Amino acid sequence: MDNDTQVTLDKAPLSATSLASKYDANVPRYTSYPTAPHFHKGIGEADYRKWLAETDRQRPVSLYLHIPFCSQLCWYCGCNTRVVNSHRPVASYVDTLLKEIDLTAEAIGGPLKVEALHFGGGTPNILQPDDVDRIFATLRRHFTFTDNAEIAMEIDPRELTAEFVAAARRNGLNRASVGVQDIDEQVQNAINRQQPWAVTEGAIKLLRDANVPSVNVDLLYGLPYQTEASVRETMRRMIALQPDRIALFGYAHVPWMKPAQKLLPEDAMPDSPSRHAQQTAAASMLEDAGYVRIGLDHYARASDSMAKALAAGDVHRNFQGYTTDGAESLIGFGASAIGKLHGGYVQNMVAVVEWRAAVAAGKLPVHKGIALSEDDRLRGAIIEELMCSFRVDLGKFADRPGLLGDHLQTELQRLQTFVDDDLLVRNGMNLAVTEAGRPFVRSMAAVFDTYFGKSSARHSKGV
Ligand SMILES: C[S@@+](CC[C@H](N)C(=O)[O-])C[C@H]1O[C@@H](n2cnc3c(N)ncnc32)[C@H](O)[C@@H]1O
Ligand code: SF4
């Protein structure tokens, strides 16, 4: 036996409930490393311009466009958005967005290929068909989309019109993620998101009738009044519609950042063991229905590109969660949008007025960011692999030039508690998360995070 292999002593295994309580810590979701709370104002427009100019033009990039508007606020919402009652602010936002795209393309200084474009929000389908046409006309002036580029949008079914779908489709939309969350009326009332089943079904039909090749849905567990039985019912109805992918996110309760979440009845929110039970019940139903489990919260039909990417070890994680998009550079547009370049991360100003004023003055509207060290890149790669594949061979990182302290020995010691609880198997430098350990992968990833606990940043529950 390898000297480094850890032997687990005989012991009574902890129940799922005790494990959920033991690893109840609040940990980041690791959609980036370092995580967004560590971005700082020492990074600004000059850094971004330098990093953009250094972009490798031979490699396709991905783009993210943020549309921070909704017609009604869901009280659980953790996204950066605000309610608007007319189209005027949206149209004027698009004007600024087009100017930001022009300014950014100028800073890049030459043509770039794009392999993925994601519209997030807020609610991208609050745009009018003409807005969609204008955005794509500007993008296509500066960027060349690869033949198989993924063009994806987050969609609120309550707002979806046939005209919007037609506009998105003629501009290349090939993946739509439809927000559903939960189908139970009591839950929907508690979260201020009334969405009759017919609306959900109608939106999916509209997208399919327009031949959008991939239609996904977003669901949540951990919401007020959700029970294992109600989550099972939501899953049963959703599975019957056969979406290509289902994202089942754990509700992130961060009322100190999102004051509207204070409107949710906290005493009706499931505790960590109940959240765990909801998540596991849903996961097994989806697997029984033939969905392949991807990472922490995604499920894809076996024929879907993400299921194929998983088999090829090619799933990635970025601000939109799990993705097949492996581009090193992500260029963000819009208020609060985050971009990633080889040099580091940047985030745009969050308030639309500030973002607009900066763009109007001809500036790239960067508000903060972080430069990446080689140690950050290595740790980021370890965390991404753990979060996506649930296994990682640390050997391939420990001796790479960079920092990684004492070649990860401290991290291996800190992971021992997960090994003792049968959540992780360690064989030398090889780590594999067990079936029971999957819900705790964020806490394992946090062991590699040298920033964790070093700021006042607060996170949502790990399970
Ligand atoms: C921008 S929204 C989707 C598009 C559209 N606005 C809608 O809600 O239908 C993106 C997704 O984020 C997820 N989400 C929002 N707030 C969340 C929270 N506090 N915790 C976990 N997931 C959340 C929801 O599943 C939501 O569908
Ligand atoms: S969940 Fe979607 S529709 Fe609801 S407030 Fe957030 S972004 Fe808007």
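Author: Let's begin with the words we need: an axis is a line fitted to C-alpha atoms, for a helix over the stretch in contact, and angles run from 0 to 180 degrees between N-to-C directions. Helices (H or I, at least four residues) and strands (E, at least two) are DSSP runs, numbered from the N terminus. This is a predicted model, in which local features need pLDDT of at least 70 and side-chain atom pairs count only at pLDDT 80 or more, while totals for chains, interfaces and linings use all residues. Residues are numbered from 1 along each chain as its sequence is written, and chains are lettered from A and ligands numbered from 1 in the order in which they are written.

On the H3 side you will find Tyr-93, Thr-96, Lys-99, Glu-100 and Leu-103, and they meet Val-352, Arg-356 and Val-359 of H11. Here, contact means that the C-beta atoms of two residues, placed from the backbone, lie within 7 Å. Sorted by class, the residues of the contact of H3 with H11 are four nonpolar, one polar and three charged. In this sorting, Ala, Val, Leu, Ile, Met, Phe, Trp, Tyr, Cys and Pro count as nonpolar, Asp, Glu, Lys and Arg as charged, and the others, Gly among them, as polar.

H3 has another partner to look at. The axes of helix H2 (residues 45–53) and H3 come within 7 Å and cross at roughly 60 degrees, so H2 is oblique to H3. Arg-49, Leu-52 and Ala-53 of H2 make this contact with Thr-104, Ala-107 and Ile-108 of H3. The H2 and H3 contact divides into four nonpolar, one polar and one charged residue.

Now try another pair. Helix H4 (residues 129–142) and helix H5 (residues 162–170) have axes that come within 8 Å and cross at roughly 10 degrees, which means that H4 is roughly parallel to H5. Pro-129, Val-132 and Asp-133 of H4 touch Glu-163, Phe-164, Ala-166, Ala-167 and Ala-168 of H5. This contact has six nonpolar, no polar and two charged residues.

Next, follow the chain into its loops. Pro-34 sits in the loop between helix H1 (16–22) and H2, and a cis peptide bond joins Tyr-33 to Pro-34, with omega about -10 degrees. Gly-122 lies in the loop between E4 and H4, and the peptide bond from Gly-121 to Gly-122 is also cis, with omega near 15 degrees.

Both of those glycines lead us to a ligand. Gly-121 and Gly-122 are among the residues surrounding ligand 2, as are Cys-70, Cys-74, Asp-156 and Gly-179; near means that a residue's C-beta atom, placed from the backbone, lies within 6 Å. The shell around ligand 2 has five nonpolar, five polar and one charged residue. Asp-156 and Gly-179 turn up again among those that come nearest to ligand 1, which has 18 residues around it. Strands E4 (112–121), E6 (175–181) and E7 (214–221) each supply at least two residues of that shell.

Conventions
Parallel < 35°, antiparallel > 145°, perpendicular 65-115°, else oblique.
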